[in-house]
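Subject: Structure for you to look at

Hello,

Here is the structure I said I would pass on. My notes on what was found in it follow below.

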Amino acid sequence: MERQREKLLHFTEAVMQSAKEEQEALRRQMEQERREALDRAKEEAKEAAISFYDHEAAAIRAESGREVSRHLMDIKRTVYLRRQEIGREVFAQVERRLQEFTAAPEYLDYLKQLLGRAMEELSGADEISLRLRKEDLHFGQQLADAIAPVKVEVCQGNFSRGGLAIRCPQLGLRVDCSFDQRLRELSGHFAESFGLSLSDELAEV
């Protein structure tokens, strides 16, 4: 009887020891799986964070780019409108100066100088057609006398701001010294040079 109790006790201890060892092994396995699962969760969270960051950063860059583009367009529009305004102001001043000059006594002397320079380009001409604006036709005879003995036909030109133009059928040449032509040239030069300078400034924005 005693022997059987010892065997039972020994068996029970063996079973308990085995269960304890199995429990310890299971605990270690669960701890390992827990660590692995935690590591996977951390890695997945890190990847998700990176992906979210990249997505949000791309969205922010895109929105910033659109905002910058809108801002630049606003600047260009403002500059364009201001350039138009400055152009109108400049040429309004030029128009006023021309009106004052063509009403001044020295205007006739200036016309004579213009005519003399124009005739240098028509060397050999014996006869010309002198074009003046309507308001200057009364200067015709004085201008004709200034280049005698060249025969001069005085007629109204198709310009209105002053100056003069010459046609010489004999040489097949035309010289335009009208203020209208000068103003057109000035307008083109102004638009080109001012436009280029503004483009350079915008490129630096």
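Contact here means heavy atoms within 4.5 Å, and angles between elements run from 0 to 180 degrees between N-to-C directions, with axes fitted to C-alpha atoms. Helix H2 (residues 107-120) lies across E1, E3 and E4 in that sense, and its direction is at about 30° to E3. Please keep in mind that this is a predicted model.

The sheet

The strands that H2 lies across belong to an open sheet of 4 strands, ordered E2-E1-E3-E4, with mixed pairing. E2 and strand E4 (173-178) each have a single partner strand and stand at the edges, so one side of each is left without a neighbour in the sheet. From one strand to the next, the twist averages 20°.

On one side, strand E1 (residues 127-132) runs parallel to strand E2 (residues 151-156), and 6 bridges join the two. Between E1 and E2 the chain passes through helix H3 (residues 140-146), and this β-α-β crossover is right-handed. Within that pair, Arg131 has Cys155 in E2 as its bridge partner. On the other pairing, E1 and strand E3 (residues 163-168) run antiparallel and are joined by 4 bridges. Leu130 stands opposite Ile166 in E3.

The loop between H3 and E2 contains Pro149. For comparison, most peptide bonds are trans.

Cysteines

How many disulfides does a search of the whole structure find? The search finds 0. Cys155, the partner of Arg131 mentioned above, counts as partly exposed because its relative accessibility is 22%, against a limit of under 20% for buried. Cys168 has a relative accessibility of 1% and therefore counts as buried.

Salt bridges

There are 10 salt bridges in the structure. Two groups of residues deserve a note.

One is in helix H1 (residues 2-102), where Arg70 and Glu67 are 3 residues apart, which means about one helical turn separates them. They form a salt bridge whose closest N and O atoms are 2.5 Å apart. Arg70 is partly exposed at 40% relative accessibility, and Glu67 is partly exposed as well, with a relative accessible area of 43%. This pair belongs to a network of salt bridges that links Glu63, Arg66, Glu67 and Arg70.

Arg133 has a relative accessible area of 10% and so is buried. Asp136 is buried too, whereas Glu135 is partly exposed, with a relative accessible area of 47%.

A buried aspartate

Which residues is Asp180 in contact with, leaving aside its neighbours within four places in sequence? They are Phe159, Ser160, Arg161 and Gly162. Asp180 itself lies in helix H4 (residues 179-203), and at 7% relative accessibility it counts as buried, since buried means under 20% relative accessible area.

Regards

Conventions
Residues numbered from 1 in each chain as written. Predicted model: local features only at pLDDT ≥ 70, side-chain atom pairs only at ≥ 80, totals over all residues. Heavy atoms only, no water. Pairing = 2+ DSSP bridges. Right-handed = clockwise from strand over helix to strand, strands pointing away. Buried < 20%, exposed > 50% of the residue type's maximum accessible area, 1.4 Å probe, protein only. Disulfide = S-S within 2.5 Å. Salt bridge = Lys/Arg side-chain N within 4 Å of Asp/Glu carboxyl O.
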